[in-house]
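These notes go with the model shown here.

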Amino acid sequence: MNKLTTNILILFFFFCLVGCTTNKQIDLIVYNAKIYTVDSAFSNIEAFAVNNGVFIEMGSTQELLNKYQAKEKLDAQGKFIYPGFYDAHGHFFMLAEAMDEVSLLGAKSYDEVILRLKDYVAAHPEKKWIIGNGWDQNLWPDKNFPVRDSLDKYFPDLPIFLSRVDYHAALASGKALEIASLDSAYFVDGGLISVNKEGLPDGILIDNAMQLVSKHIPKNQNSALLKMLRRAQDSLLSVGLTSIVDAGLTEDQIDALKVFYNEDSLQIRDYAMVMATPSSVKQYLRSGTFESDRLTVRSFKLMADGALGSRGACLLHAYHDAPTHGFLLQSPKEFDQLIQRLANSNFQVNTHAIGDSANRIILDTYGKYIKNGQDRRWRIEHAQIVDPADFSKFKTFQIIPSVQPTHATSDMYWAGDRLGPDRLKTAYAYKELLNQYGMLALGSDFPVEHFNPLYGFHAAVARVDKNGFPNGGFQMENAITREQALRGMTIWAAYSCFQEKKRGSIEKGKDADFVILEEDIMTADASKLRDIKTLRTVIAGETVYQRSK
């Protein structure tokens with residue numbers, strides 16, 4: 001063996017030695033955990049490695065600790081890890097604003113509403129408008145809509161605008177009506193101005209009529225808006241949410257989000273739907289879709305009808321407790337024209353439909369413009385009341401049901417009054433919708449419902465409220481399994497937004513978004529699910545929330 005050959009062999013063995021003893025440098029290893037990857041096999045692992053914001057490898061604790069040298073090593077101490085939770089239908093701006101308003105959630109009477117308003121006005125004497133949210137007449141002894149008389153008696157000089165819990169009706173004070181020049185009743189397409197015996201507005205505005213007053217409410221400046229959004233974001237991150245669908249934003253709101261995300265001022269991932277108006281459709285069809293690391297704009301939100309609680313949901317037959325069918329917010333012809341226009345674009349179409357008539361109209365119109373084999377992933381938001389003859393259309397036309405399980409357990413006390421026993425059987429029918437399409441995109445509709453995804457998980461699998469009512473569950477034939485519920489709030493939600501290849505599960509090459517919980521939601525007693533705490537929330541490998549000891 002000559003000298004050159006010897007030197008080559010020495011160098012070869014040296015580099016082998018270095019390769020065997022020097023681990024690759026990465027950002028993070030999480031180990032000693034029970035990890036639900038929510039991959040296609042729903043497999044469990046105990047460790048994963050993260051670099052540059054993505055998962056790079058999964059395996060055993062010892063294997064990954066031996067293979068990599070990480071800047072941060074996180075011993076999960078046997079805790080439970082899931083892909084970052086994805087709320088498939090919420091309202092980020094509405095939640096941010098609600099936190100700055102007078103909360104009327106849970107008020108047991110109109111008198112309690114007035115008391116809360118008095119306390120709020122006394123604590124905020126600088127407010128020029130009093131904005132509130134969350135009242136629900138179904139919780140009151142007489143279950144009747146309130147009128148403005150008491151507002152005018154106690155707050156004669158204050159414009160007041162109080163949204164119902166579903167944000168499809170509002171109570172306005174006389175001063176607010178005066179500012180909006182609403183001194184008489186007139187027809188509102190897709191809405192209602194309620195009147196008293198004298199034919200004058202009594203303060204109740206339903207659906208499209210709400211805009212007549214709400215457009216006069218002063219808008220927040222961007223600096224104040226960012227502060228409000230960040231406060232709302234902190235709440236969302238604290239319950240394990242890493243991605244949300246912002247279900248219907250104005251052009252101004254989307255412009256503000258683009259600024260905030262460009263400045264790295266927000267962390268949560270936001271799939272923003274554009275609220276479809278003549279102006280927004282014209283603008284976004286011209287400018288096209290938008291996608292950055294954390295903000296995506298590639299869908300339009302349409303509103304077919306109102307809400308069941310305010311009798312604005314459009315039904316095939318009259319309400320069981322009132323001589324009305326509800327109403328559409330636009331005519332079927334207008335929906336047809338708009339959906340046809342959007343069908344010729346790259347944008348996704350997502351439509352709010354509560355009543356069985358609204359669902360039928362939208363399903364049939366979707367089916368008219370979706371061509372066989374197209375991967376459009378058009379969605380129906382809520383799909384709350386569906387006629388038995390229409391369930392199969394979700395499969396036939398490949399329409400994604402985007403549902404909110406806590407609506408079932410919030411509405412079950414009075415939904416039968418609105419629908420009667422027969423229609424109630426095909427309302428909140430999540431299992432049947434899942435059987436038809438094969439997936440459900442699960443959300444909360446926050447702030448209409450609480451933003452904690454475990455509340456929705458609990459409602460989906462147990463079909464009971466926070467107190468365990470009713471015994472045995474509400475229409476348990478439409479409960480879904482825990483695996484299905486977890487998929488619905490992770491990978492299926494991501495799929496409904498065309499994002500299943502980059503988030504929604506813990507797999508190599510995907511965004512390193514995950515949540516660590518103190519207990520295992522897949523095995524914990526159902527009565528404990530709502531109380532399980534989030535220990536840590538991580539987006540792109542960065543801890544964005546950590547529970548204090």
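1. Helices (H or I, at least four residues) and strands (E, at least two) are DSSP runs, numbered from the N terminus.

2. The model is predicted, so local features need pLDDT of at least 70 and side-chain atom pairs count only at pLDDT 80 or more, whereas totals for chains, interfaces and linings use all residues. Residues are numbered from 1 along each chain as its sequence is written, and side-chain values use heavy atoms, with hydrogens and water left out.

3. α12 is mostly covered, with eleven of its 14 residues buried. At 1.5 Å a residue, the 14 residues of α12 (356–369) should span 20 Å, and the end C-alpha atoms are 20 Å apart, which agrees. The expected span is 1.5 Å times one less than the number of residues.

4. In α4, the buried residues are Tyr 110, Val 113, Ile 114, Leu 117 and Tyr 120. Seen down the axis of α4, they fall within an arc of 125°, so they line one face of the helix; the arc is that of the directions from the helix axis to the C-beta atoms. An α-helix has 3.6 residues a turn, so residues three or four places apart point the same way. The face turned away from the buried side of α4 carries the exposed residues Asp 111, Leu 115, Asp 119, Ala 122 and Ala 123. The buried residues of α4 pack against β9 (102–103), β10 (130–135), α5 (149–154), β11 (160–164) and β12 (169–172).

5. Asn 138 sits in the loop between β10 and α5 and counts as buried at 6% relative accessibility. Leaving aside neighbours within four places in sequence, Asn 138 is in contact with Lys 143, Arg 164, Gly 309, Trp 414 and Arg 418.

6. Thr 296, in strand β18 (295–303), counts as buried at 4% relative accessibility. With neighbours within four places in sequence left aside, its contacts are Asp 270, Tyr 271, Ala 272, Phe 290, Glu 291 and Gln 499.

7. How many cavities of 30 Å³ or more does the structure hold? There are two. On a 1 Å grid over the protein atoms alone, a cavity is a set of points where a 1.4 Å probe fits but cannot get out, a pocket is an open set with protein on both sides within 12 Å along at least five of seven lines, and lining residues have an atom within 4 Å of a point. Grid points are joined across faces, edges and corners, and a volume is the space filled by probe spheres set on the points.

8. The largest cavity holds about 90 Å³. α17 gives the largest share of its lining, three residues. The second largest cavity holds about 50 Å³, and its lining includes Tyr 86, Arg 503, Asp 511 and Asp 513.

9. The second largest pocket has about 280 Å³ of space. β6 (68–75) and β24 (534–539) each supply at least two residues of its lining.

Technical notes
Buried means under 20% relative accessible area, exposed over 50%, partly exposed in between (1.4 Å probe, protein chains only). Contact means heavy atoms within 4.5 Å.
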